[in-house]
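Below is a briefing on one protein chain.

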Amino acid sequence: MTLLRTTHARPVDVAPVRLAAAAAAILTVGAGLGLRALAAGNAAKYGGDALYTVLILTLVVLVAPRLRPLAAAATALAFSWGVEFLQLSDMPAELSQRSVVARLVLGSTFNAPDLFWYAVGAAVGGLVHAAVGTFVNAGPRRAAELTR
């Protein structure tokens, strides 16, 4: 069992953190698919951008559950921005023509407003991560007190 220290200097099992991150990743993919099915235009595009960064954040937490919310959100934002700036080259467009997965992960063309929506996703995801982490790291007894 892997343990981590919280700000309260109490050891906490990382398994619930990883479980919460995995559940959040599944919910995020579902939200993205639902958004694509129900919305169109800018709402679907920019909402998808924000959800892309939220998904990256959940995957970061899944791999590195010890990261604090700000560090996880900053990592996800840096990755998202890196992918967006990579689109200034021809590589993502070429790979996107050959692979649906590459298109989903790398996109194809640079769009400056995407950078803002990635930041929105990182901020919202980081806040949710902090809130959920409060309950997950608190343990059952303290979580019950926090919900009263």
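Asp114 is found in helix α6, which spans residues 113–147. The model is a predicted one. At a relative accessibility of 3%, Asp114 falls under the 20% limit and therefore counts as buried. Beyond its neighbours within four places in sequence, Asp114 is in contact with Lys45, Tyr46, Asp49 and Glu84.

**Residues around Asp114**

- Lys45 has its place in helix α2.
- With a relative accessible area of 31%, Lys45 is partly exposed.
- Leaving aside neighbours within four places in sequence, Lys45 is in contact with Asn111 and Asp114.
- Lys45 and Trp117 are 72 residues apart in sequence, and their C-alpha atoms are 9.6 Å apart in space.
- Asp49 also lies in helix α2.
- The relative accessibility of Asp49 is 9%, under the 20% limit, so Asp49 counts as buried.
- Setting aside neighbours within four places in sequence, the contacts of Asp49 are with Asp114, Trp117 and Tyr118.
- Pro113 belongs to helix α6.
- Pro113 counts as partly exposed, at 37% relative accessibility.
- Between the C-alpha atoms of Pro113 and Tyr46 there are 8.3 Å, although the two residues are 67 residues apart along the chain.

**Aromatic pairs**

- A search of the whole structure finds four aromatic pairs.
- One of them is formed by Tyr52 and Tyr118, with 5.9 Å centre to centre and 45° between the planes, and is tilted.
- Tyr52 lies in helix α2 (residues 41–63) and Tyr118 in helix α6, so this pair ties together parts that are 66 residues apart in sequence.
- Both Tyr52 and Tyr118 are buried.
- Phe116 and Trp117 form an edge-to-face pair, with 4.9 Å centre to centre and 80° between the planes.
- Trp117 is partly exposed, its relative accessible area being 30%.
- Tyr46, Phe116 and Trp117 are linked by ring pairs into a cluster.

**Packing of α1 and α2**

- Two packed helices are described by the angle between their axes and the distance between the axes.
- The axes of helix α1 (residues 15–38) and α2 come within 9 Å and cross at roughly 165°.
- Angles over 145 degrees count as roughly antiparallel, and α1 and α2 are therefore roughly antiparallel to each other.
- The crossing of α1 and α2 is left-handed.
- On the α1 side, the residues making the contact include Val17, Arg18, Ala21, Ala22, Ala24, Ala25, Thr28 and Val29.
- On the α2 side, they include Ala43, Ala44, Gly47, Gly48, Leu51, Val54, Leu55 and Thr58.

**Packing of α2 and α3**

- For α2 and helix α3 (residues 69–86), the axes come within 8 Å and cross at roughly 130°.
- That angle makes α2 oblique to α3.
- The crossing in which α2 passes α3 is right-handed.
- From α2, the contact is made by Tyr52, Thr53, Ile56, Leu57, Val60 and Val61.
- From α3, the contact is made by Ala72, Ala73, Thr75, Ala76, Leu77, Phe79, Ser80 and Val83.

**The chain as a whole**

- The secondary structure of the protein chain comes to six helices and two strands.
- Along the sequence, these elements follow the pattern β-β-α-α-α-α-α-α.
- The protein chain has 148 residues, of which 30% count as buried.
- Among the contacts in the protein chain with a separation of 6 or more, 60% are accounted for by residues 24 or more positions apart.

**Confidence of the prediction**

- The average pLDDT of the protein chain is 87, and 83% of the residues score at least 70.
- Over residues 1–10 the pLDDT is below 50.
- Beyond near neighbours in sequence, residues 1–10 have 22 contacts in the model.

Note on methods: Residues numbered from 1 in each chain as written. Predicted model: local features only at pLDDT ≥ 70, side-chain atom pairs only at ≥ 80, totals over all residues. Heavy atoms only, no water. Helix = DSSP H or I, 4+ residues; strand = E, 2+ residues; numbered from the N terminus. Buried < 20%, exposed > 50% of the residue type's maximum accessible area, 1.4 Å probe, protein only. Contact = heavy atoms within 4.5 Å. pLDDT = per-residue confidence, 0-100. Phe/Tyr/Trp six-rings, centres within 6.5 Å; stacked < 30°, edge-to-face > 60°. Axes fitted to C-alpha atoms, helices over the stretch in contact; angles between N-to-C directions. Parallel < 35°, antiparallel > 145°, perpendicular 65-115°, else oblique. Left-handed = near helix turned anticlockwise from the far one by under 90°.
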